[in-house]
There are 2 protein chains.
Amino acid sequence: MTVFALHPQLQKDCLIIGDLPLCRALLMNHRRFPWIILVPRVENAKEIVDLDAPRRGMLMEEIAQASEAMQRHFKPHKLNVAALGNMVPQLHIHLIARFEDDAAWPNPVWNSGVAAEAYDAEEGRALAGELASLLIAKPGTNRQNAM
Amino acid sequence: MTVFALHPQLQKDCLIIGDLPLCRALLMNHRRFPWIILVPRVENAKEIVDLDAPRRGMLMEEIAQASEAMQRHFKPHKLNVAALGNMVPQLHIHLIARFEDDAAWPNPVWNSGVAAEAYDAEEGRALAGELASLLIAKPGTNRQNAM
């Protein structure tokens, strides 16, 4: 039996928001950009197409949920959604809330020269908790999709 | 009635591969990186969550089809899949075949300083045609999904 283990680099760079049905949701510890990372809890997945079709469907819906949570919480000008994985091979999807006055706009955040700046411990915990309350379904509640 | 129109920047930068059920598939005219762009033919969509759930499901499956076509044709080390849209607001998804010896590795291709280099006209047409034959289902054939 194999067990899902978060890649050490993601563990180092991120705070835990919580688990959706497919993905572990993380908050990148980088206060310059509001940044969620979704990691499907599937062993050895590197590419989106390494997931079977039902899991790809779940991933898409969890991307949509995380997008809506970020739109509600951060009110960004644009979302950037990306599965790159050139450096960290474990499949993970970036969702970044972008603003026209952020430090990298209009370029992507990677390789932008903007140094990572960690959240204060309390600030990071609070934000991860707020995102968890938007993202992680409570038993007995049924999140309405406005689409 | 509104009609889908490809954003002029995408029209300028890309060759046409053809239409999938949801998306127009384009080949970025940049021979340094094998690069497909999928554009859902949906008016005014800017974010993935601007699509309704059934169209999001179609988008995911077309991303998977394009990923498999790129894996088969280019045999990349990694795929990069991203919806950014900071500059071109029309929703479009990049799929880029990456190699450990490509000009931007391991960085993302955007903002990498690698100048675009257009395909020769014949080379571009031939590649778009080969990708179309992998991607666009012919009537009466049923593409087997190996997943």
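How many residue pairs are in polar contact between chain A and chain B? In this predicted model, local features require pLDDT of at least 70 and side-chain atom pairs count only at pLDDT 80 or more, whereas totals for chains, interfaces and linings use all residues. Residues are numbered from 1 along each chain as its sequence is written, and side-chain values use heavy atoms, with hydrogens and water left out.

The count is 18 residue pairs, both members at pLDDT 80 or more; a polar contact is a pair of N or O atoms within 3.5 Å, one able to donate a hydrogen and the other to accept it within protein, and residues adjacent in sequence count only if both atoms are side-chain atoms. Helix 2 and strand 4 (78-83) of chain A each supply at least two residues of the side that touches chain B, and the largest share, 9 residues, comes from helix 2. Helices (H or I, at least four residues) and strands (E, at least two) are DSSP runs, numbered from the N terminus.

Across the interface, 4 salt bridges are found, a salt bridge being a side-chain nitrogen of Lys or Arg within 4 Å of a carboxyl oxygen of Asp or Glu. One of the pairs joined in this way is B:R56 and A:E61, at 2.7 Å from N to O.

How values were computed:
Chains are lettered from A and ligands numbered from 1 in the order in which they are written.
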